[in-house]
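This report describes selected features of the structure shown below. Each section takes up one topic.

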Amino acid sequence: MNYKDLIDQLAEKTGLPKAKAKERLEITVSVLSERLSEGVGVSVPGLGTFTTEVKDVRKTYNPHHKKYMMTPPKRLVQFSPSAGLKGKLKFKGESNE
Amino acid sequence: MSEKITFKELVEQISKQSEQSRNSANSFIHELVQIIESGLSANGSVSISGFGKFELRWMNERSGRNPQTGEEITIPGQNKVVFKPYKALRENVNRPYAKMKAQILGDAQPSTSIPEQDEPSPDPLEEDIFGENLSEHDSNEENPFIFERSKPEPKKPEEPLFSEPEVPKAKELRPEPQPVNVLSPADEAELAKEVEKNGQMKWAYAASTIVVALALLIVFYLMQNTGEPADMAFESTPDEQIESVQQPQLAMMERVNLPDETGDISGSDSYHINQGETLWSIAEKELGDPFLWPWIYQLNKDSLENPNRILNDTDLTIPSLSNPENLSSDQKEQIALGYLSVYEWSQTHQPDEAKFFLWAVGEFSPDILDQAAQQVDSGDLAFAKIR
């Protein structure tokens, strides 16, 4: 399902105009993304928990240039689906790879 | 990070930003979740622009074990929900680190390049954060020495009578081909903590972490070098004995070099030491590169007893230097001699650290190191030769 379908369905279900639904979705996403960028985890009931993990500075080796480098730290977003979501989708469409 | 906000807080924030009631924000999210779920179940993927993509991934049947009984079981194939953050989200989340670039540390093979060539980044933030990260053990002023160009630290308040440069510890001097020494996993953990606490960390805490990190490094290093007893940093007594014999010779050798030195300096200034200053800070301020502090020491050896402790309200001779990035070979020799003097001093006062200064001598001028080779401790020399 792409973004457009998502907004269409959202508008339909909430009874909002599409533009409004899109705007709200954007706000929701930006709030989530803001929290995550502060390193704060967010859990959304029925969906799952978003957390971040910091990958530390580490020493890496570039085999091509034969050089060691200090790779800057990096924050990764992690998502763990809620038990409900996981359970419901567990055996859905077993054929798709 | 374990900090989390509750769903209630999330709804509150969303309702505030979108000027809707909490109820409607709440139901909006519930609708969204349901649509995501149905979308996943229908198409196997849901994409939210600017955020990420939820996908179903089929995991094949595999065998595993019951962790409690050890009994072998077959785990049936099942769907896994994965979330792939899009670029916008990844970038947003990584904003604090965005300005940081990978820093090249050195070649795997011995190289003749001098660390001075590293471009100090023009962006203070980059230097800042990265400096802090890099310098797990020098996040104080302890390392006038590190060549990885870590950030010169904020000066700590000092006692009124004295100013002292950081005790030269120079762990970073460790040759790059032995990465284990430079960044052991334990240190990395240490470092992670510092990244998080960046800024708010209290000095006392910083000091203790550093001491731990240093101790770890030394232990590590010793473990790696058990084959070369001469290199043992802790065997200070033999070093000192040798040293007492060597010192006159060393001093003589330097005097021979001294005439050169005065001729080489294009000009020198007088500098009045203010309260709280260190050789390190003066070198940074006046020469543009804190790593050149031994040069100042070299020029003022007669008036300075201890390079770590300089007296308030005295005058120093400072070499004038316009471009610290571009040192002439004469200037490099001067600096190497400075490091040699510091090495000499360290041998009597802090034998554990002495060899790092000798290493720096070779870094600035291999010739001076060769000249001094006869007079210095063989273990230290072996260390100084590692590149």
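## Two helices of chain A

In this predicted model, helix 1 (residues 3-14) of chain A packs against helix 2 (residues 18-37) of chain A at an angle of about 110°, and their axes are 9 Å apart. An angle from 65 to 115 degrees counts as roughly perpendicular, so helix 1 of chain A and helix 2 of chain A are roughly perpendicular to each other.

From helix 1 of chain A, the residues in this contact are A:Ile7, A:Asp8, A:Leu10, A:Ala11 and A:Thr14, and from helix 2 of chain A they are A:Lys18, A:Ala21, A:Lys22 and A:Leu25. Sorted by class, the contact of helix 1 of chain A with helix 2 of chain A has five nonpolar, one polar and three charged residues.

## Chain A as a whole

Chain A contains three helices and five strands. Along the sequence of chain A, these elements follow the pattern α-α-β-β-β-β-β-α.

Chain A has 97 residues, of which 32% count as buried. Among the contacts in chain A with a separation of 6 or more, 32% are accounted for by residues 24 or more positions apart.

## The hairpin of strands 3 and 4

Strand 3 (residues 58-62) of chain A pairs with strand 4 of chain A in the antiparallel sense, over five bridges. Strand 3 and strand 4 of chain A form a hairpin, with four residues between them. In the turn, A:Lys66 has a positive phi of about 55°.

Strand 4 (residues 67-71) of chain A has side chains that alternate. A:Tyr68 and A:Met70 point to one face and are buried.

## A sheet across both chains

Four strands make up an open sheet with mixed pairing, in the order 5(A)-2(A)-1(A)-1(B). The edge strands, each pairing on one side only, are strand 5 (74-81) of chain A and strand 1 of chain B.

Within chain A, strand 2 (residues 48-55) and strand 5 pair in the antiparallel sense over eight bridges. There, A:Thr51 stands opposite A:Gln78 in strand 5 of chain A. Between the chains, strand 1 (residues 41-44) of chain A and strand 1 (residues 4-5) of chain B pair in the parallel sense, over two bridges. The bridge partner of A:Val42 in strand 1 of chain B is B:Ile5.

## Where the chains meet

The contact between the chains involves 67 residues of chain B and 58 residues of chain A. On the side of chain B that touches chain A, helix 2 (residues 22-43) of chain B gives the most, with 14 residues. By class, that side of chain B has 37 nonpolar, 21 polar and nine charged residues.

## Helices 12 and 14 of chain B

Helix 12 (residues 351-364) and helix 14 (residues 378-385) of chain B have axes that come within 8 Å and cross at roughly 50°. The two helices of chain B, helix 12 and helix 14, are therefore oblique to each other. The crossing of helix 12 of chain B and helix 14 of chain B is right-handed.

In helix 12 of chain B, B:Ala354, B:Lys355, B:Leu358, B:Trp359, B:Val361 and B:Gly362 meet B:Asp380, B:Leu381, B:Phe383, B:Ala384 and B:Lys385 in helix 14 of chain B. The residues of this contact between helix 12 and helix 14 of chain B divide into seven nonpolar, one polar and three charged.

## Two residues of chain B

B:Leu381 has its place in helix 14 of chain B. Around B:Leu381 there are 21 other C-beta atoms within 10 Å, so B:Leu381 is buried. Neighbours within four places in sequence left aside, B:Leu381 is in contact with B:Leu358, B:Ala373 and B:Val376. B:Leu381 and B:Gly362 are 19 residues apart in sequence, and 9.5 Å apart in space from C-alpha to C-alpha.

B:Gly44 lies in the loop between helix 2 and strand 2 (45-48) of chain B. B:Gly44 counts as partly exposed because it has 19 C-beta neighbours inside 10 Å, whereas a buried residue has 20 or more. In sequence B:Gly44 and B:Val81 are 37 residues apart, and in space they are 9.1 Å apart, C-alpha to C-alpha.

Key
Residues are numbered from 1 along each chain as its sequence is written. Chains are lettered from A and ligands numbered from 1 in the order in which they are written. This is a predicted model: local features need pLDDT of at least 70, side-chain atom pairs count only at pLDDT 80 or more; totals for chains, interfaces and linings use all residues. Two residues are in contact if their C-beta atoms, placed from the backbone, lie within 7 Å. Ala, Val, Leu, Ile, Met, Phe, Trp, Tyr, Cys and Pro count as nonpolar, Asp, Glu, Lys and Arg as charged, and the others, Gly among them, as polar. Two strands pair if DSSP finds at least two bridges between them. A residue is buried if 20 or more other C-beta atoms lie within 10 Å of its own, exposed if 12 or fewer, and partly exposed in between; C-beta atoms are placed from the backbone. Axes are lines fitted to C-alpha atoms, for helices over the stretch in contact, and angles run from 0 to 180 degrees between N-to-C directions. Angles under 35 degrees count as roughly parallel, over 145 as roughly antiparallel, 65 to 115 as roughly perpendicular and the rest as oblique. A crossing is left-handed if the near helix is turned anticlockwise from the far one by less than a right angle, and right-handed if clockwise.
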